[in-house]
Amino acid sequence: MKPRTSIEKQIAALSESLAPITAEMQSWAEQTIFLKWGVVSRGKFHCLDCGHAWKSESKKQCLKFTRCTACKGKLKMYGCNQLHFKEMEYSAAITCISDFQIVRIVCSTKQMKKNCLPSYYHKEVMQHWINQKGEVRTMSISTNVFSHAYDAWQYYSPLEIRPKDFQNSPKYRINPYKVSPNIKVLPILKRNGFKRGFYNIAPQILFASLLKDAIAETLLKSSQTSLLSYYLCSHGQNIKQNWQAVKTCIKYSYPIEDFKIWEDYVSLLRWFKKDLGCPDFVCPEDLSTAHDKLVQRKRELQRKKYLKKMRAEIQQAQDLYYQEKKQFFGLCFSEAGITISVLENVAEFMEEGDSLKHCVFTNEYFKKKDSLLFSARIDNKPVETIEYSLSNLQILQCQGMKNNKSQHHKAILELMKKNLYLIRSRLKKKKL
């Protein structure tokens with residue numbers, strides 16, 4: 001788009017005054033940012049970097065890497081054989097002009113062919129202009145809007161100023177593989193802690209953050225570079241939320257080995273209303289063990305809270321259950337150590353479900369008007385739960401642990417069938 005504001009016009013004018021990417025930087029990129037490739041064709045190894053071809057003496061051919069016998073380069077092997085090979089990679093040149101820090105992104109392409117030397121093409125595709133307040137404006141060439149790739153550049157197009165929301169584009173977050181060693185930065189960046197390292201962070205993101213974000217500046221100055229990289233790679237909100245705990249780690253030089261576990265741990269500390277400025281809480285010797293202990297403690301508290309709520313609901317359900325099934329209460333028959341009795345209390349449904357790991361309570365069988373539930377026990381321990389239909393006068397199901405049949409299943413069914421007349425007799429009394 002055409003520059004409209006005074007800042008946009010200033011950036012466009014300064015961009016034209018920049019010297020083109022030098023041949024020295026292009027040569028550095030060709031030697032530094034590309035891998036050396038090889039391919040196997042008709043029993044021969046081909047080095048796509050120097051054009052040499054040779055037959056391997058070894059019967060075992062390495063499918064991942066090999067070494068060229070001519071240039072001695074370590075070659076990464078292509079998985080398939082074809083006529084032309086292509087690799088594209090990004091590098092960056094860091095400079096400054098006036099009060100702007102500039103990150104110049106260069107897209108380099110390496111064209112390769114068997115028995116030939118590779119050819120290279122370099123094109124400056126973006127310029128990120130960062131003022132001393134950390135505000136970024138970007139100039140870039142156009143991309144092919146019909147391509148699925150976000151960086152399908154139209155190399156013939158000129159550099160143009162982009163809207164302010166360009167920072168939301170994936171093109172803005174392109175992280176160059178290498179940064180040219182000839183770096184020129186604003187004095188304010190050196191004051192804010194920048195030396196020469198980028199820690200796998202895109203230069204434009206690092207510079208903008210150091211100029212406007214006190215958290216990024218603090219992390220860099222305290223040498224928490226791993227945490228800085230984690231913070232700037234779309235996890236900023238979590239670090240801000242846990243900033244008090246982070247400052248405690250910085251103060252006591254505590255290394256955070258697993259950021260995700262540590263963040264979960266700090267969330268648990270906050271849930272328990274612990275002091276995040278106390279190193280005894282925030283900087284545990286064994287992070288994993290401390291995390292697991294708090295998880296278990298929280299589960300126990302939540303279960304107690306859940307049970308308290310369930311007791312109130314159980315009491316309401318118990319009154320209704322008693323009115324519907326009271327004529328069957330007291331039914332109990334036993335034989336050969338097996339005792340079968342009616343579940344008379346809704347709380348017993350919960351205990352039965354917990355013991356046998358099935359859904360007699362969670363699916364609220366106590367609300368089924370047509371069903372009568374029995375518990376078959378041995379030594380007062382639940383073995384199977386039996387559902388009997390009051391309308392069809394038959395056993396619907398008899399389930400044990402995790403809805404499987406126990407070893408006493410046949411004996412339980414026989415005992416149940418022998419005493420079905422007791423259920424029928426109580427049904428007749430109800431009708432009368």
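Which side chain meets that of Arg377 in a salt bridge? In this model, which is a predicted one, the partner is Glu352, with 3.6 Å from N to O. The two residues sit in distant parts of the chain, 25 residues apart: Arg377 belongs to strand S14, residues 371-378, and Glu352 to helix H12, residues 346-356. Glu352 counts as buried because its relative accessibility is 0%.

I will stay with salt bridges for a moment. The count for the model comes to nine. Another of them joins the side chains of Asp49 and Lys110, at 2.8 Å from N to O. This pair also links distant parts of the chain, here 61 residues apart. Asp49 is in the loop between strand S2 (44-47) and strand S3 (53-55), while Lys110 is in strand S7, residues 100-113. Both Asp49 and Lys110 are buried.

Then there is Glu364, which forms a salt bridge with Lys367; their closest N and O atoms are 3.5 Å apart. Glu364 has a relative accessibility of 35%, so it counts as partly exposed. As for networks, salt bridges with shared partners join Lys36, Asp49 and Lys110 into one.

Now a charged residue without such a partner. Glu387, in strand S15 (residues 381-389), is buried but has no salt bridge. Leaving out residues up to four places away in sequence, Glu387 touches several others, among them Tyr365, Ser371, Leu372, Leu373 and Ile395.

Next, the nonpolar cores. The largest one has 59 residues, and Phe207 and Trp262 are the ones that touch the most other members. As background, nonpolar side chains in soluble globular proteins tend to be buried together.

In helix H13, residues 409-418, the buried residues are His409, Ile412, Leu413, Leu415 and Met416. They lie on the same side of H13, because they cover an arc of only 165 degrees around the axis. The face turned away from that buried side carries exposed residues: Lys410, Glu414, Lys417 and Lys418.

Helix H6, residues 225-232, is mostly covered, with six of its eight residues buried. Those six are Leu227, Leu228, Ser229, Tyr230, Tyr231 and Leu232.

Last, a cysteine. Is Cys233 buried, exposed or partly exposed? Cys233 is in the loop between H6 and helix H7 (236-241), and it counts as partly exposed because its relative accessibility is 34%. Its C-alpha atom is separated by 18 Å from that of His128, the two residues being 105 apart along the chain.

Methods
Residues are numbered from 1 along each chain as its sequence is written. This is a predicted model: local features need pLDDT of at least 70, side-chain atom pairs count only at pLDDT 80 or more; totals for chains, interfaces and linings use all residues. Side-chain values use heavy atoms; hydrogens and water are left out. Buried means under 20% relative accessible area, exposed over 50%, partly exposed in between (1.4 Å probe, protein chains only). Helices (H or I, at least four residues) and strands (E, at least two) are DSSP runs, numbered from the N terminus. Lys and Arg count as positive and Asp and Glu as negative; His and the chain ends are not counted. A salt bridge is a side-chain nitrogen of Lys or Arg within 4 Å of a carboxyl oxygen of Asp or Glu. Contact means heavy atoms within 4.5 Å. The arc is that of the directions from the helix axis to the C-beta atoms. A nonpolar core is a set of buried Ala, Val, Leu, Ile, Met, Phe, Trp, Tyr and Cys residues joined through side-chain atoms within 4.5 Å.
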